[in-house]
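Trainee: Can we go through the aromatic contacts in this one? I have the viewer open.

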Amino acid sequence: RLAGYPRKHNEGRIELFYKGEWGTICDDDFSLANANVLCRQLGFVSATGWTHSAKYGKGQGKIWLDNVQCGGGEKSIELCKSRGWGNSDCTHDEDAGVVCKDERIPGFVDSNVIDAHVDENKVEEVQLRPVVAMAKKKMPITEGVVEVKYKDGWAQICDIGWTIKNTRVVCGMLGFPHERKVNKNFYKLYLERQKNYFHIHSVACLGTEVHLAACPLEFSKPNATSACTDGMPAVVSCMPGPLFMQNSGLKKKLKISSNVRLKGGSRVGEGRVEVLKDNEWGTVCDDRWNLQSASVVCRELGFGSAKEALTGGRLGQGMGPIYMNEVKCVGQERSIWNCPFKNITMEDCQHMEDAAVRCNIPYMGLENTIRITGGRTRYEGRVEVLSLDSNGTQSWGLICGESWTTKEAMVACRQLGLGYANQGLQETWYWDSSNVTEMVMSGVKCTGSEMSLSQCQHHKTVSCQKAAAKFAAGVICSETASDLVLNASLVQQTVYIEDRPLHMLYCAAEEDCLSKSAAKANWPYGHRRLLRFSSQIHNIGRADFKPKAGRHSWVWHACHGHYHSMDIFTHYDLLNANGTKVAEGHKASFCLEDTDCQEGVSKRYECANFGDQGITVGCWDLYRHDIDCQWIDITDVKPGNYILQVVINPNYEVAESDFTNNAMKCNCKYDGHRIWLHNCHIGDAFSEEAERRFEKYPGQLNNRIS
């Protein structure tokens with residue numbers, strides 16, 4: 001695993017798990033070849049560098065390997081030459097680290113970050129075999145005989161001494177938060193007629209385990225014929241969370257937590273953990289973060305137990321407060337808020353240490369009804385979906401490319417299990433390799449959070465202007481994505497009004513940064529009244545934010561002396577109480593670069609000299625209040641109470657992991673001479689109640705700022 005800080009998810013101190021404990025590697029004789037072997041073992045395509053002298057902090061415990069010398073082609077670090085396990089003359093001051101190329105090996109299964117270290121030869125796979133005919137057709141399967149993978153088939157568990165705690169563990173593994181009582185008599189009749197093979201004859205879980213293999217198990221003796229006298233195969237019934245409920249009546253009764261949420265994950269049931277306190281969302285620090293605490297979060301959100309507890313901001317960093325540290329759940333708690341934890345001070349933790357989870361979710365088989373064809377890698381291609389034709393036979397078909405955007409592509413990539421959408425494509429003539437030609441879906445409109453395309457709105461009957469296969473929808477998916485967020489408090493701190501003479505605004509007028517009435521002004525006499533503020537845009541995601549357009553299509557702005565790489569990068573608007581625009585907000589196009597970065601991250605992008613444009617992970621792009629166009633023209637606005645709104649990447653031109661944090665809003669009071677902003681916040685930072693209060697801002701009644 002990679003550990004230490006400060007670091008990105010593709011770099012860190014190398015730690016190896018051996019004989020039940022984690023330890024480090026000494027940097028003596030270390031080489032890029034060693035780093036290549038380690039990076040591939042971690043699922044990255046290769047290494048770009050390595051570090052010595054405990055650059056990512058000193059490890060603890062054992063130093064497992066020393067004088068490691070790999071050729072570079074080895075499948076695993078243990079196949080390389082070294083002094084042998086546990087034999088070293090180093091201290092932790094010499095702990096080695098690696099920097100891996102931020103590109104995953106296609107199809108690589110991420111090993112657990114904080115592992116549920118289970119003895120592999122015991123029990124790996126567990127399934128529920130439905131017995132009732134009705135249950136077999138419906139997904140997910142919530143009730144049935146518990147079966148464990150054994151040799152080439154499946155075996156049963158004897159139910160003598162079986163407890164509800166065992167059921168809780170099995171349900172959690174299979175993605176269900178709660179367990180239900182089961183009608184044993186019904187099953188007894190049915191199962192007596194079947195031949196059963198009992199591989200396990202007793203299970204004694206505590207109920208807090210995340211995997212059946214972590215429970216004390218007794219295996220049947222190979223030659224014992226009556227392994228389960230007086231018993232029958234164990235049967236369980238689980239209660240799915242509201243997302244996976246078929247029965248809508250029950251859905252309403254099932255409450256999931258309203259003060260915990262997951263953000264920034266690509267799959268359902270994964271993300272950075274955020275908790276609500278005093279009407280504002282904040283994050284959880286990863287000290288002591290483990291599978292038990294992660295499971296409490298997963299279950300309270302309607303998922304099963306945790307598959308992984310992720311540390312070090314692995315699913316992106318949050319913004320705003322950090323509320324909890326050293327969370328120590330037992331695993332039985334109803335909510336993370338019921339677990340012991342420490343309140344946080346800024347010295348203890350930074351957002352680089354934000355905790356995240358991947359939860360077990362029920363198998364829905366959604367990935368079996370979609371595929372992509374024709375791409376150069378398994379991450380791209382033309383989308384084909386399985387549908388029923390008029391005869392009731394299943395066949396694959398295409399999706400009309402019209403109105404297909406990044407949001408729809410996000411859902412397709414999620415359904416495919418391929419992470420985030422990098423791009424949604426409206427024509428795919430260059431991926432023409434399949435004999436599927438019929439359009440079976442059109443007018444697809446997703447919010448972006450759906451689990452599959454079938455949950456999005458779409459036309460009842462297909463209507464597609466360009467029905468040829470070359471205009472079918474396509475996607476490019478990616479394991480990582482950027483995530484842009486505006487620094488809300490800086491807007492509040494830097495706001496002011498300037499009356500700027502028209503003779504200084506020729507350039508701005510040329511770039512469309514003034515409202516229409518400016519054209520009628522008596523140039524160069526007179527002035528425009530401008531609402532000015534600084535925008536600091538952070539990339540808190542896991543991939544650099546790069547403009548969609550290649551540099552060949554960037555536009556040179558002679559006036560300002562640089563290239564604009566995105567036509568519309570942000571919208572600046574002033575709205576009145578009912579949401580109509582009172583000032584013609586303009587659509588700012590910028591040149592994107594790294595102004596500054598957090599500690600340990602180096603700048604990559606700059607606008608000067610036709611340089612590469614973008615914003616690196618962990619860096620920000622600052623547009624100071626005193627640069628051209630960094631304003632709203634409020635010359636025609638009457639005094640009153642308004643909402644200032646800034647939206648980044650408004651057309652979803654560039655892929656992000658989370659679009660819910662792209663808008664920033666402030667209450668704004670303008671008395672005709674001065675301006676005040678307060679309650680500036682990111683669109684998803686407040687609780688629903690606080691957001692309602694914000695919208696109903698009472699300042700209209702008097703001229704005091706309430």
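Trainee: Which residues form one aromatic cluster with Trp64?
Mentor: Tyr18 and Trp85 form that cluster with Trp64. This is a predicted model, where local features need pLDDT of at least 70, side-chain atom pairs count only at pLDDT 80 or more, and totals for chains, interfaces and linings use all residues. Side-chain values use heavy atoms, with hydrogens and water left out, and residues are numbered from 1 along each chain as its sequence is written.

Trainee: How many aromatic pairs does the structure hold?
Mentor: The structure holds 15. Rings of Phe, Tyr and Trp (its six-membered ring) pair if their centres lie within 6.5 Å; planes under 30 degrees apart count as stacked, over 60 as edge-to-face and the rest as tilted. Tyr18 and Trp85 are stacked, at 3.9 Å centre to centre with 5° between the planes.

Trainee: What does that pair tie together?
Mentor: Parts 67 residues apart in sequence, because Tyr18 lies in strand E2 (residues 11-18) and Trp85 in the loop between strand E5 (62-65) and strand E6 (97-100). Strands are DSSP runs of at least two residues, numbered from the N terminus.

Trainee: And Phe659, buried or exposed?
Mentor: Phe659 is buried, with a relative accessible area of 13%. Buried means under 20% relative accessible area, exposed over 50%, partly exposed in between (1.4 Å probe, protein chains only). Tyr652 counts as partly exposed at 25%.

Trainee: Switching to charges, what lies over the face of Trp22?
Mentor: Arg1, at 3.9 Å from the ring centre. The criterion is NZ of Lys or CZ of Arg within 6 Å of the ring centre and within 35 degrees of the ring normal. Arg371 lies over the face of Trp396, at 4.3 Å from the ring centre.

Notes
Helix = DSSP H or I, 4+ residues; strand = E, 2+ residues; numbered from the N terminus.
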